[in-house]
Amino acid sequence: MSGIIGYIGNKRVVPVLLEGLQRLQYRGYDSAGLAVMKDGKLTIRRATGKLRNLEDVIRLNPLDGTCGIGETRWATHGAPTEENAHPHRDCHGTVAVVHNGIIENYMELKQELAEEGHTFTTETDTEVIAHLIEKYLDRPSASTERVTLDDAVRAAVERLTGSFALAIMSAADLNKIVAVRQGPPAVIGLGKNEYLVASDVPAILYHTRDLFFLADGDIAVLTPNGVKL
């Protein structure tokens, strides 16, 4: 039962994510990781074992920003290795996904995407989501407007069978986290010029007590200006 957290606001995001993940440790996990957006670039740090191992990785190779996502992962598809740890990325490293749940049709989707030229580096079902979002981000829009991350996420989740709570970022659509719930809980926190998503309330209570749970099928878009459902 993985634990996810996402934050966008005006604070340094790494301490916020690590503190949130610490409060989600009760869910059980065998690896942890986070992705941070800064200057239009996604940077990821991951480690197996306890959360302190991830903290050591970050201490040796720091990263910073004000928007990010993180996860404590309990392995269901693929061994508990650093390679299989979340967050997962697409081919170009521009999409990052954290996921609690199971994608039942991931092998079918993986084969389809591989035939289209996507390259996979992990054994997980979650990596399929990142590549599927990449596919729809790259698809030309019917109008003159560019495809947004929320458009691509909406198209991707319509292809997924299973249960999932997701938090997603992309360097192709900056200053945004898209959260999805289909089964596992996802709670949204509304702070003062900061917004959060998490698997459970304790992860965000330090920052705000103004919160609500997504309903099944909800997609939430978090930006520095607020939350849109």
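**Ground rules.** I'm numbering residues from 1 along each chain as its sequence is written, and side-chain values use heavy atoms, with hydrogens and water left out. Since the model is predicted, local features need pLDDT of at least 70 and side-chain atom pairs pLDDT 80 or more, while totals for chains, interfaces and linings use all residues.

**Ser-170.** I found Ser-170 in strand β7, residues 162–170 (strands are DSSP E runs of at least two residues, helices H or I runs of at least four, numbered from the N terminus). Skipping neighbours within four places in sequence, I listed contacts of Ser-170 with Met-37, Thr-94, Val-95, Leu-137 and Leu-149 (contact means heavy atoms within 4.5 Å).

**α4 and α5.** Leu-137 belongs to α4 and Leu-149 to α5, and both take part in the contact of these helices. Helix α4 (residues 126–138) packs on helix α5 (residues 149–157) at about 125 degrees, axes 8 Å apart (axes are lines fitted to C-alpha atoms over the stretch in contact, angles running from 0 to 180 degrees between N-to-C directions). So I put α4 down as oblique to α5 (under 35 degrees is roughly parallel, over 145 roughly antiparallel, 65 to 115 roughly perpendicular, the rest oblique). I sorted the residues of this contact by class and got nine nonpolar, no polar and no charged (Ala, Val, Leu, Ile, Met, Phe, Trp, Tyr, Cys and Pro count as nonpolar, Asp, Glu, Lys and Arg as charged, the others, Gly among them, as polar).

**α3 and α4.** Then I checked helix α3 (residues 106–115), whose axis comes within 10 Å of that of α4 and crosses at roughly 45 degrees. These two are therefore oblique to each other as well. Tyr-106, Leu-109, Lys-110, Glu-112 and Leu-113 of α3 meet Val-128, His-131, Leu-132 and Lys-135 of α4. By class I have five nonpolar, one polar and three charged residues here.

**Ile-188.** Last, I turned to Ile-188 in strand β9, residues 187–190. Beyond four places in sequence, its contacts include Ala-179, Leu-196, Ile-204, Phe-212 and Val-227. I also noted Asp-200, twelve residues away in sequence and 9.2 Å from Ile-188, C-alpha to C-alpha.
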